[in-house]
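Have a look at the sequence and structure first.

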Amino acid sequence: MSLRARLALLSTSIVGGILLIFGMAVYISVSLTITRQVDSTLSRAASQIIGNARAGRLGVTLPELDLFADVYIQVWGKDGQLESASQNIQGFNQPLDATGLNTTQPVFHDVIAGNVRLRVLTVPLIISSNDRVIGTLQVGTSLSMVETIQNVLLYVLFIGAGISMSIAGLASWVSTKQALSPLEDVTQTALQITRADDLSHRIPYKGPPDDEVGQLIHAFNETLSRLENLFDTQRRFVADVGHELRTPLTVIKGNVDLLRRMNCTDEESLSGIDNEVGRLTRLVGDLLLLAQAESGKLPLIKTDVEMDTLLLDVLNQMNVLAKDRVDLRLGEIDQVIVCGDRDRLKQVLVNLVGNAIKYTPQGGEVVIGLGKDDRRAHITVSDNGPGIPTEDLPHIFERFYRGEKSRTRSKDGKGFGLGLSIAYWIVQNHGGNIEVSNREPTGTTFCVWLPLADRSCPEE
Ligand code: ADP
């Protein structure tokens, strides 16, 4: 059964249940009220008759019994003989209520006398001076009026309940159609995605964004965006890896062919092969590192690391790369200890300084600084190279992302666009973050923030 049908059925049942309880309450209270009214009429008639009766030596002298048109009255003697009866039941010689005749207390009974339902009050006639029972008075009235009222009431309640339940079911059916129609859009969009294998579809929703359906659609669209992003990244990743592998493999194959054709050991071809194999090894190493990092299998062995010593170490190593081309020097240096994996932090710095040297033209300068505030250390690597185009800035930490200029320059066989994404992962997993900004008028500054070491960090 559809959700819509179930909701309609539910609201119909709820309205039906409420009306049933309400109807029963109305029916019972109306019946009780009318019965009480009938009883009080019978009591009044009985007391009037008893009040006007007089007991004498010869028996009881009864008053006029036809005071009430719709009340039947019988007086029965102690010997079980009908003494007297009102005009409206002349000829009816049976007691109105046979079971009540021997009562010693006034009792009300519903009886059927001659196909008519009657309410009968039986009162023993007692002489108060000596408590002697001299007979029984029976006062009855027809219950047909009560039955009619009860039947009309039942009829009205049933018709009313039927109409209300139908209206409730219909209203719920119509309103849920409107409320649930966005879910149909969700289904259609999901089917379209499956059929066309296209994750760019989004579900349109014009209703309020904070209701349940709005939230569901928002969450679904978010999931789609995330999936689209993931698939895009994966597709790009495979394309990039393929692309990166193709160039060195083509070079290697060309050189091997050449060597074979010339049937000799050509030094230039061999060093070409050597370079490309080195490049492939670096690429595979970087990819492995990223894969380990992303699958959580790259352990960070954290100890106290003196960042000033580490910076000097990096400076010495990178001076070989800078040679006379770029002026690589230390700026302001503080004494700072952070808690981290020394080798991985060195990798971050080598990467940032390496990039700065790589992208800064001849005669430029690269300055490394180290400082701290209350909680964090900050390492800056600044150069006065061309800077990073604004459109590239949001992407440089993505895998395989290379700026337009670096892409052409990478033909020199250096970058794969993986260095900054590895650095980003390492810094993030040290509880820090890495920022980049363009310097005015030219140049780039990378700033790495790392939490300072506390007592919980193991010593080196
Ligand atoms: P690559 O191997 O291309 O250097 P990275 O991940 O290290 O890859 O860097 C990504 C991109 O960021 C580079 O291609 C380059 O466009 C840009 N970039 C990084 N550092 C600098 C810098 N100091 N100056 C200019 N551009 C830079």
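How many cavities of 30 Å³ or more does the structure hold? The structure holds one. Before we peek inside: this is a predicted model, where local features need pLDDT of at least 70, side-chain atom pairs count only at pLDDT 80 or more, and totals for chains, interfaces and linings use all residues. Residues are numbered from 1 along each chain as its sequence is written, and side-chain values use heavy atoms, with hydrogens and water left out.

On a 1 Å grid over the protein atoms alone, a cavity is a set of points where a 1.4 Å probe fits but cannot get out, while a pocket is an open set with protein on both sides within 12 Å along at least five of seven lines; lining residues have an atom within 4 Å of a point. A volume is the space filled by probe spheres set on the points, which are joined across faces, edges and corners.

Here are two of the spaces, with their linings sorted by class (Ala, Val, Leu, Ile, Met, Phe, Trp, Tyr, Cys and Pro are nonpolar, Asp, Glu, Lys and Arg charged, the others, Gly among them, polar).

| Space | Volume | Lining by class |
|---|---|---|
| Largest cavity | About 40 Å³ | two nonpolar, one polar, three charged residues |
| Second largest pocket | About 470 Å³ | five nonpolar, five polar, five charged residues |

The largest cavity is lined by Thr233, Arg236, Phe237, Asp240, Arg399 and Phe400. Around the second largest pocket there are 15 lining residues, and Thr233, Glu294, Phe397, Glu398 and Arg399 lie nearest its centre. Helix H3 (212-262), H4 and H8 each give two or more residues to that lining, and H3 gives the most, with six. (Helices are DSSP runs of H or I, at least four residues, numbered from the N terminus.)

So how do H4 and H8 meet? The axes of H4 (residues 267-294) and H8 (residues 419-428), which are lines fitted to C-alpha atoms over the stretch in contact, come within 10 Å and cross at roughly 30°, on a scale from 0 to 180 degrees between N-to-C directions. That makes H4 roughly parallel to H8 (angles under 35 degrees). The contact (heavy atoms within 4.5 Å) is made by Asp286, Leu289, Leu290, Ala293 and Glu294 of H4 and Ser421, Ile422 and Trp425 of H8.

Finally, Arg4 sits in helix H1 (residues 3-52). Leaving aside residues up to four places away in sequence, Arg4 touches Trp173, Thr176, Lys177 and Leu180.

Terms used. Parallel < 35°, antiparallel > 145°, perpendicular 65-115°, else oblique.
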